[in-house]
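Please read the notes below with the structure open beside you. They take up the core, the aromatic rings and the surface in turn.

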Amino acid sequence: MRITDLMIQETMIMDLQATTKDEAIDELIASLNKSGRINDPVLFKEMIYKREAESSTGIGGGIAMPHAKTSAVNEPTVVFAKSKNGLDFAALDDEPAHLFFMIAAPEGAGNTHLRTLAALSRLLIDSDFITQLMSADTPAEVSALFDAKQEEAAEKEAAKEKAKAEKAAKAASEAGAAPQQTPGTIVGNENSEDFVVAVTACPTGIAHTFMAEDALKKKAQEMGINIRVETNGSEGAQNVLTAEEIARAKGVIIAADKNVEMARFDGKPVLQRPVSDGIRKSEELIRKAVNGDAPIYRSEGGGNVKEDGASANKMSVGSKIYKDLMNGISHMLPFVVGGGILLAISFLIEQLAGEDNPLFQLLQTIGGGTGAFHFLIPVLAGFIAMSIGDRPALMPGMVGGLMAVNSNAGFLGGLAAGFLAGYVVIGLRKLLRGLPKAIDGLKPILLYPVLGLLIVGAISYYVFDPIFGSLNTWLVDALGNLGTGNAVLLGLLLGGMMSIDMGGPFNKAAYTFAIGVFTSSGNTDGAWMAAVMAGGMVPPLAIALASTFFKSKFTEQERKSGLTNYVLGLSFITEGAIPFAAADPLRVLTSCIIGSAVAGGLTQLWSINVPAPHGGIFVAALANHALLFLLAVAIGAVISGLILGFWKKSPTVVK
């Protein structure tokens with residue numbers, strides 16, 4: 001079926017008279033109704049606005065694609081319209097829309113119709129084609145352009161399939177076997193080892209799903225990166241990702257405005273973004289995915305991934321809080337690492353040359369309280385708020401975090417301010433929903449910033465800052481006065497928590513606690529950083545030791561992966577142990593928790609202080625007892641490695 005079978009000329013509007021989004025929707029629906037393509041314009045309009053409420057269909061680049069799938073539609077139709085002056089359609093790039101494609105799909109639309117609509121969406125990625133449509137003056141010209149473009153696309157696809165078949169046949173002939181069919185096509189550079197996977201989905205599964213797919217594929221090809229994209233459209237999931245592809249991928253992109261099966265991505269770096277980002281920010285997403293620059297996804301049950309994925313699609317309150325917290329922590333970490341290591345070097349210079357040394361003062365200024373570390377809590381609070389309430393919540397969240405810094409409310413005050421700002425903005429959206437549409441444009445630039453800042457600032461000033469300031473002072477004093485026995489117990493707890501979920505909530509809770517004490521004490525108390533750093537270094541080192549000295553208990557692939565864990569462990573990257581924990585959670589996690597707890601406890605028994613929040617062995621020399629710190633890590637890693645090596649079962653050999 002051709003696109004022009006659905007985009008009939010009698011419904012086209014070559015000079016749209018509307019000047020607002022609402023008027024444009026009414027004019028497009030009127031054309032559908034006049035041609036008899038819909039039977040209930042009121043219901044159809046309701047469904048159009050329901051889709052708009054989920055996210056704007058003004059996709060940017062001058063294009064808007066309002067669409068609905070409903071029983072109000074008699075025949076699948078696409079209404080094409082062109083506005084010479086353009087109008088504000090609340091587009092994702094804030095630019096006026098000039099070309100409109102209103103898609104009307106019946107409730108039981110056949111696969112052929114849905115594939116045709118998907119083909120339409122893919123064509124609109126081509127900027128040259130959009131320019132040609134802008135220049136068309138008559139419905140006949142529009143139809144001719146679409147026919148020619150679809151013919152060209154079909155020829156390219158046929159040539160690609162032919163080349164792929166010939167290559168597969170040649171490979172099979174050389175191997176003496178029949179050609180194998182793959183579930184989907186990998187796009188990119190055959191010589192590149194960079195490989196990512198993606199899932200695209202929008203609520204109706206008609207337009208944005210396939211536009212995001214094509215945008216990601218096109219950009220990946222330009223970047224020389226291999227990609228496989230699964231689409232969750234109206235026909236269901238297509239080109240479903242295999243377990244082998246997911247395991248091989250450096251990162252996962254979820255560009256979706258609806259739930260997709262997530263449990264299969266447990267333990268992988270996963271970017272979860274709106275489907276519109278897949279269309280307009282494809283390069284950014286691919287770059288982040290290939291660099292693993294994304295939070296590690298955790299399905300319910302940790303390593304015990306559920307196959308049906310149903311539970312993963314429903315985010316619990318705890319999961320939502322964790323996601324928001326991780327958004328803040330992931331944006332804060334560059335400040336922690338960069339500022340922390342510069343601070344650590346400054347401490348070393350201070351020991352060698354004194355506090356009057358210019359280099360010491362420079363590094364203290366860059367990394368310390370007036371430099372990178374000054375932004376830790378504001379950035380944490382701002383991006384927690386943004387995760388909850390989107391961009392309008394960023395500013396009040398950051399200001400609330402800064403107030404926490406200035407009032408000594410510290411980390412706890414910043415956390416509270418971040419969550420407060422996010423939910424204040426959500427509340428304001430609901431409260432101001434009934435205002436006239438004429439002032440909708442004022443909400444993000446005036447009402448949300450002013451009211452959000454006032455509410456968050458007032459609550460922080462009168463409630464959070466006094467309460468958390470006092471609590472923070474008490475906490476630092478209490479930890480400073482702990483006896484050796486209690487300190488060892490807390491060290492055991494913090495070290496063990498670093499291994500419970502290796503980058504998950506327990507791990508981040510322990511790390512966040514240590515960072516909080518570290519910053520609240522003026523960056524001088526690194527005792528708890530020593531415990532969490534030692535505990536976090538143990539799991540990958542234990543895996544490396546076990547796979548080296550108990551080779552028969554590991555597959556060849558596991559032994560190769562185990563070698564990389566020496567580097568990851570020494571660098572304080574706990575996540576290196578995740579693949580092993582996912583494959584054998586009981587033995588791996590139990591072994592690692594024991595060793596990490598021992599390492600954390602030893603740091604407190606020996607009164608070790610590490611004045612840096614990251615770096616592993618590279619900052620160990622800055623510890624007050626560097627050799628004892630390394631010994632604590634080594635003892636913990638050896639204990640975990642031995643337990644795992646003796647306990648682990650040999651891999652099953654398939655004959």
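Which residues of the largest nonpolar core touch the most other members? Before the reply, two remarks on the source are needed. This is a predicted model, in which local features need pLDDT of at least 70 and side-chain atom pairs count only at pLDDT 80 or more, while totals for chains, interfaces and linings use all residues. Residues are numbered from 1 along each chain as its sequence is written, and side-chain values use heavy atoms, with hydrogens and water left out.

1. The residues in question are L380, L494, V532, M533, M537, V610 and F629, in a core of 57 residues. A nonpolar core is a set of buried Ala, Val, Leu, Ile, Met, Phe, Trp, Tyr and Cys residues joined through side-chain atoms within 4.5 Å, where buried means under 20% relative accessible area, exposed over 50%, and partly exposed in between, with a 1.4 Å probe and protein chains only. Among the elements that give two or more residues to this core are helix 11 (317–353), helix 19 (527–549) and helix 23; helices are DSSP runs of H or I with at least four residues, numbered from the N terminus. Helix 19 provides the largest share, ten residues. Another core, of 27 residues, lies apart from it and includes I3, I130, C202 and M211.

2. The whole structure holds seven aromatic pairs, meaning rings of Phe, Tyr and Trp (its six-membered ring) with centres within 6.5 Å, called stacked if the planes are under 30 degrees apart, edge-to-face if over 60, and tilted for the rest. F129 and F146 are edge-to-face, at 5.0 Å centre to centre and 90° between the planes. This pair joins helix 5 (residues 127–135) to helix 6 (residues 139–175). F129 is buried because its relative accessible area is 1%, and F146 is buried because its value is 0%.

3. The rings of F550 and F646 have centres 5.1 Å apart and planes at 75°, so this pair is also edge-to-face. F550 counts as buried because its relative accessible area is 17%, but F646, at 63%, counts as exposed.

4. On the surface, F618 is located in the loop between helix 22 (585–605) and helix 23 (626–647), and its relative accessibility of 65% is why F618 counts as exposed. R433, in the loop between helix 15 and helix 16, is exposed too, with a relative accessible area of 61%. The C-alpha atoms of R433 and K443 are separated by 9.8 Å.
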